[in-house]
Amino acid sequence: MTSGNTTMTRDTILKVEHLSMRFGGLMAINDLSLEARRGEITALIGPNGAGKTTVFNCITGFYKPTMGMITMNRRNGEQHLLERLSDFEITKKAKVARTFQNIRLFSGLTVLENLLVAQHNKLMKASGYTIMGLLGLGSYKREAEGSIELARQWLEKADLIDRADDPAGDLPYGAQRRLEIARAMCTGPELLCLDEPAAGLNPKESLALNTLLNSIRDETGTSILLIEHDMSVVMEISDHVVVLEYGQKISDGTPDHVKNDPKVIAAYLGVDDDELEDVIHEELDGGSH
Amino acid sequence: MPNTNSTAKETAPGVMAQAVKEGLLAGVLAFGMFLLYVGVETYQNIDNALVWRMRWGLLAIFVAIAAIGRFLVVGFVKPHIDRRKLAKAKAGIPEVSDEKGFFHRHFLKIALIFLVLYPPIIVSLNGVQGSLKYVDNFGIQILIYVMLAWGLNVVVGLAGLLDLGYVAFYAVGAYSYALLSDTFGLSFWLLLPLAGILAAFWGIILGFPVLRLRGDYLAIVTLAFGEIIRLVLMNWTEVTGGTAGISGVAKASIFGIWSFDVGADNNFAKVFGLPMSSAYYKIFLFYVILALCLITAYVTIKLRSMPIGRAWEALREDEIACRSLGIDTVKTKLTAFAIGAMFGGFAGSFFAARQGFVSPESFVFLESAVILAIVVLGGMGSLTGIAIAAVVMIGGTELLREMEFLKHVFGEDFTPELYRMLLFGLAMVAVMLFKPRGFVGSREPTAFLKERKAVSGSFTKEGHG
Ligand SMILES: Nc1ncnc2c1ncn2[C@@H]1O[C@H](COP(=O)(O)OP(=O)(O)OP(=O)(O)O)[C@@H](O)[C@H]1O
Ligand SMILES: [Mg+2]
């Protein structure tokens, strides 16, 4: 393996260093550094407008950062500097997949087709960039069956198998969230970035989501970077929490550590420890609907 | 339905009053709309000056049609439909029944058999010479548009890229054939694929700079590209012959074995001892374009179920999501453009061989608009719907030429073809009112686990760029 950077252990999957993003006069992210460890769920939290989604957009190439370095350390030893890749190459080569805060499904395609589109690159190669597949040569047929099998596995994990042949736009909200995660997983990522997957879910759906995320981490070894407002989700499943406010990191550590950090409490309207959860819920319900 | 007859006679007085009111309103509106279009006729008098006169009779007919039509719809048709719906709902029959009739299930096979048998049927009905009109004006003309619309469907219907300059690739194909066969004497069967490849090449050349644009911008730039190609063809006189075009374009032959040139030794009619007629050539061309259409359909259907085709449709649904899944959207768009252009190129070279003459006249923006209208009317993405739309729109306009009897209604100097666009528009408005997603609004999924269920048009998107 080509090991490289001495500052980066094999355990670190993603390293963000001195990241800044400026929109005109607004510094949406200001000199942010953070690390995500392999096989863990890292949560990124912070009040509305703190810059969480912007961090995601920089990592996944949808924004070009004004400054900073983002290094992805793949399992096979490859290192990718994400700020130099374009968005689709980040998924294709660096194996980082993401979901969106406002769900982006292919609503006119069926649930199954959504998962097949996610396996595009693999299937393109197998079909000899369409030409071989069109002529019925090569391994395309086998690979196509394999891709349906993989989709079926994820549909089962996400509890969507009964809706496999329905249009994605026809699913209830919670199922759409799970489908988006399953679709991202079908790209075979090593790092999965989820932007508020629990937003708008009812308690039951929220529980199903926790199960799905835990099974992703434990069964596939995929590392997860998670933006979340719902503290019950964050505290329950994350191994590591990073707190942002006004584009800067104000706290970083285990869930327990962060929960008791006075700076974090102050950021969330300066309330007491036990009221923290409730206030955040209220803020979310009042602010985002 | 058994219980509709019993209730059909009772019409509430309120409904009749409403119908009279709406009928009058429709009459007034029609008067306002058609007063200048239809009511006023301009012509040149003996001194070559432009003068006008009123055509009150014709105007009155238009107004009467609108008023009476609206009256009938509101007074009788609508209540009737409502009653049927109500009766069905009461009986618990779902709106759309799953069971399809024999005709519906075997529609494609029946259509194909009909098309293959079409020329012999026509010949046996009208004789060889008499078949010319039906095979050429209806058969070939419609099939050319079917092919063009299926080609554009890849770009607009599948990939969701609004291309208003599609006719440019048609022109590239036509001129490629005309010029290359003229200068190098190459045969149709060699130039047909070559014309497709050249058109695809131009599709990529155009695509590179243009495909970063989205939506309206893309539409406008493709429109401009179409016009540029036409202007080049018009002004590059040394090569293209300018507005006069190129005439005497070589005919296609039956794979070089039999020719359709009148003087040639291996002339088809001569070899088989048949009386000379240009109808044989048209019948041959009919089968050629039919085969080209089938190839287009086959390739499109195949591609749709391959990763590239799925990526096209995904692109139409959500480009950003595509990129987040590692799909190179620029390449994906380029392939859609190239494939669509290639089919346009095939159709173009066929057109040149059929017409024996190409000129910039044939590649005006209106052609692009008509092809796009067919795609939209048919239901974006649906091959069957698009074919039906082509038959209705192109067959309809051809049919107008045949409507001599309209002269008795509207007067001697009524030329139905002149109202082509009016009817075209009317038909479009009507279809869009009743079937806003086109004739076939649903899409067939390309893969399924348990059962293949059509996706309703309300979920699919039209694309944004
Ligand atoms: N494309 C953009 N152009 C200009 N300003 C932007 C852009 N994207 C984000 N911003 C600004 O950057 C700041 C951070 O936004 P961001 O969406 O990252 O917040 P967030 O932490 O995800 O908030 P939320 O919890 O509401 O999702 C906000 O002030 C926002 O208005
Ligand atoms: Mg956000």
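Me: Which protein donors does the magnesium ion (ligand 2) have?

Reply: This is a predicted model, where local features need pLDDT of at least 70, side-chain atom pairs count only at pLDDT 80 or more, and totals for chains, interfaces and linings use all residues. Residues are numbered from 1 along each chain as its sequence is written, chains are lettered from A and ligands numbered from 1 in the order in which they are written, and side-chain values use heavy atoms, with hydrogens and water left out. The donors are T53(A) through OG1 and Q101(A) through OE1, 1.8 to 2.1 Å from the ion. Donors here are N, O and S atoms within 2.8 Å of the metal (3.2 Å for Na, K and Ca); water is not among the atoms, so sites may look incomplete.

Me: Where do T53(A) and Q101(A) lie in chain A?

Reply: T53(A) is in helix α1 (residues 52–59), while Q101(A) is in the loop between β6 (96–98) and α3 (111–117), so the pair ties together parts 48 residues apart in sequence. Helices (H or I, at least four residues) and strands (E, at least two) are DSSP runs, numbered from the N terminus.

Me: And how exposed is T53(A)?

Reply: T53(A) is partly exposed, at 25% relative accessible area. Q101(A) is partly exposed too, at 34%. Buried means under 20% and exposed over 50%, with partly exposed in between (1.4 Å probe, protein chains only).

Me: OK, ligand 1. How many residues surround it?

Reply: 14 residues, and the closest are N48(A), K52(A), T53(A), T54(A) and Q101(A). A residue counts if one of its heavy atoms lies within 4 Å.

Me: Which element gives the largest share of that shell?

Reply: α1(A), with 3 residues. β2 (26–37) and α1 of chain A each supply at least two.

Me: What polar side-chain contact does K52(A) make with ligand 1?

Reply: A polar side-chain atom of K52(A) sits 2.8 Å from an oxygen atom of ligand 1. For G49(A), a backbone N or O atom is 2.9 Å from a ligand 1 oxygen. E196(A) has a polar side-chain atom 3.5 Å from an oxygen atom of ligand 1.

Me: How much of ligand 1 does the protein bury?

Reply: 64% of the 630 Å² that ligand 1 exposes when taken alone. Those areas are Shrake-Rupley with a 1.4 Å probe; for residues, only the protein chains shown count as cover.

Me: Switching to chain B: how many helices and strands?

Reply: 18 helices and 4 strands. Chain B has 465 residues, and 46% are buried.

Key:
Polar contact = N/O pair within 3.5 Å; in protein donor to acceptor, adjacent residues only side chain to side chain.
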